[in-house]
Amino acid sequence: MPLTMAERRYIFAPEERPLFPGAPYSPRLSAGSRCGYALSGVVLALASGLGNALITTNLYVIAGNMGLYVAEANLLLAIFVAFNATANLLLVKARIQFGIPACMHAILGALILGEGIALVYPSLGTTILARAISGVASGGLTTMGLYSFFQVFPARLRPMAVIVGFSLPQLAVPIARLVPVEAVALEHWAGVHRMELALALAAWALTTLLPLPPTDRTKVFQPLDALTIALALAAMLLGCTGLAFGRFYWWTDTPWLGWMFAGALLLLGLVFAVEDRRTQPLLQVRWFGTADVLLIAGISLVVRIALTEQTYAAVGLLSLGGLTNDQLHGLFAVVLLAMIGGIAVAAWLARPDRLLPMMLGSALVIALGAWLDTHATSDTRATQLYLSQSLLGIGTTLFLGPALLFGIARVLERGPTHLVSFVVLFSTTQNLGGLAGAALLGSIQTIRTRVHAEALADAMPVGNPLAGQRIAVDATQIAAQLPDAAAAAAQARARLGGALQTQANVLAFNDTFWVVTLLALGLAVFLAAVILVREGRRRRAARLVGAAP
């Protein structure tokens, strides 16, 4: 489609053309414009993830405020992840066909409308609607933030723009931990809706005052795209809901969980069957089976699972000790600073030949952080986790940007038709990895708690003199407020049982830290092997070239 009259006033140089269809041009800009785009990028990054982060970090409190079981509240996380993972099936082509301004206004308009409805008519139904819209909007806002940083950095520093633009949304989790609980949990989550609404309005204002440069537009949508998107969304809804519910209803006790996963696999198989037979597919199914794509998908999924150590296991351990979210502000302020430092280091180090070594370094950093947590006790407090959780934060930022750059390089080798496939694959691994990580670590923690509780009970049988002494001391203390000797003795025994259960939970959390440590170390060994194999091939190729006449 032709440019508008205003857009024709600037003649774009060849090096200012976009890397991908649907991306904006990158013209020469003044320092003031670059600062404006930097501000816009930061706001878009926060708008893309802060709302979901607020729900994730305060789920237990908010569930109680709405009168929901925690398992029911987890449905909101599943809805967000499912819509977010499939959003780019629609949004990438939408930007190519309709342009960035139209897509941006549609995304932000829908988000503003959804949050407004949830505020005016607070209920579980309107909250689900808002989470679905937020999931779609998050996929678009993340990309728009990335495009904004393309305008901040010159073309030669575009890898730095990718790392900064894609890593900033990860700051939403520590920032959400710094928000007081009472600011989000009252009045059916009104605080969450208000914050998302405010960020959406701010993003609308900034992108209207300082719109992104134009992009080339062409007609790309086909009728079968709608079928692919519908099938993929249904598959993700079933799979994500199963992952969100599994550890609460328990995997082997709930037959309908198995049917949900079976349905998800069937629908996903239909997606692949449809796409594999199209002349102009939305997803390059056969490309998914190539070595490089399997490598980046597997690594991304494993790292994302490992990183749930911070959002689930470490916070769960501290919550077991009676700490609330408001008492973790210091810890996550340190994590936030560490992640900002990690983004700066990753942006400075990123080069095409360093991407796999940086991912290897990320795996080692995550393994070290998780290993430090394996020594936790029931007396562990937030200050003792500053170092380990900072390492996990740094590991997050050292991985995500290089992994995205590695995938983009593979897309550039194949051509723009593979862009949708990569974006969908990467966003799916990140979203599903988060849910799968919580499900995996939560299940391991539950199983190991039972094992440790039985072991502790066996080690302290009835008649054990130490147990009897502990019960007698506690009964004496309780008797001061409860004259009934039998009732005091019963409460003393219950107190001992509670102490044993707490200790079993702590030991189980240590087991989950060990799982993450071994998972990250295994990934590091695998990456080291991949690097050595690639280096060997490069040297053999260089020798063959040198030996050629």
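Predicted model: local features only at pLDDT ≥ 70, side-chain atom pairs only at ≥ 80, totals over all residues.

Residues are numbered from 1 along each chain as its sequence is written, and side-chain values use heavy atoms, with hydrogens and water left out.

Switch to a cartoon view. The secondary structure comes to 18 helices and zero strands; helices (H or I, at least four residues) and strands (E, at least two) are DSSP runs, numbered from the N terminus. Contact means heavy atoms within 4.5 Å. Among contacts with a separation of 6 or more, 82% are between residues 24 or more positions apart.

**Stop 1: H2 and H6**

Select residues 31-57, which are helix H2, and residues 124-152, which are helix H6. Two packed helices are described by the angle between their axes and the distance between the axes. Axes are lines fitted to C-alpha atoms, for helices over the stretch in contact, and angles run from 0 to 180 degrees between N-to-C directions. The axes of H2 and H6 come within 8 Å and cross at roughly 155°. The two helices are therefore roughly antiparallel. On this scale, angles under 35 degrees count as roughly parallel, over 145 as roughly antiparallel, 65 to 115 as roughly perpendicular and the rest as oblique.

H2 passes H6 in a left-handed crossing. A crossing is left-handed if the near helix is turned anticlockwise from the far one by less than a right angle, and right-handed if clockwise.

Show side chains where the helices meet: the H2 residues include Tyr37, Gly41, Leu44 and Ser48, and the H6 residues include Leu141, Gly145, Phe149 and Val152. By class, this contact of H2 with H6 has ten nonpolar, ten polar and two charged residues. Here Ala, Val, Leu, Ile, Met, Phe, Trp, Tyr, Cys and Pro count as nonpolar, Asp, Glu, Lys and Arg as charged, and the others, Gly among them, as polar.

**Stop 2: H5 and H6**

The contact of H5 with H6 has 15 nonpolar, four polar and two charged residues.

**Stop 3: H3 and H4**

Select helix H3 (residues 59-66) and helix H4 (residues 70-98), which pack at an angle of about 110°, with their axes 9 Å apart. That makes H3 roughly perpendicular to H4. H3 passes H4 in a right-handed crossing. Leu59, Tyr60 and Ala63 in H3 meet Val70, Ala73, Asn74 and Leu77 in H4. These residues divide into six nonpolar, one polar and no charged.

**Stop 4: Thr57**

Return to H2 and pick Thr57. Is Thr57 buried or exposed? Thr57 is buried, with a relative accessible area of 11%. A polar contact of 3.2 Å joins the side chains of Thr57 and Asn58; a polar contact is a pair of N or O atoms within 3.5 Å, and within protein one must be able to donate a hydrogen and the other to accept it, while residues adjacent in sequence count only if both atoms are side-chain atoms. Leaving aside neighbours within four places in sequence, Thr57 is in contact with Val173, Ala176, Arg177 and Asn325.

**Stop 5: H7**

Select residues 158-167, helix H7: eight of the ten residues are buried, so this helix is largely enclosed by the rest of the structure. The buried residues include Arg158, Ile163 and Phe166.

**Stop 6: Trp250**

Trp250 lies in the loop between helix H10 (223-249) and helix H11 (255-276). Most residues other than glycine have a negative phi. Trp250 has a positive phi of about 70° although it is not a glycine. At 13% relative accessibility, Trp250 counts as buried.

**Stop 7: Thr512**

Finish in helix H18 (residues 485-547), at Thr512. Thr512 is buried, with a relative accessible area of 0%. A polar atom of its side chain lies 2.5 Å from the backbone oxygen of Phe509. Not counting residues up to four places away in sequence, Thr512 touches Ala313, Leu441, Ile444 and Gln445. Thr512 and Glu309 are 203 residues apart in sequence and 7.9 Å apart in space, C-alpha to C-alpha.

Technical notes
Buried < 20%, exposed > 50% of the residue type's maximum accessible area, 1.4 Å probe, protein only.
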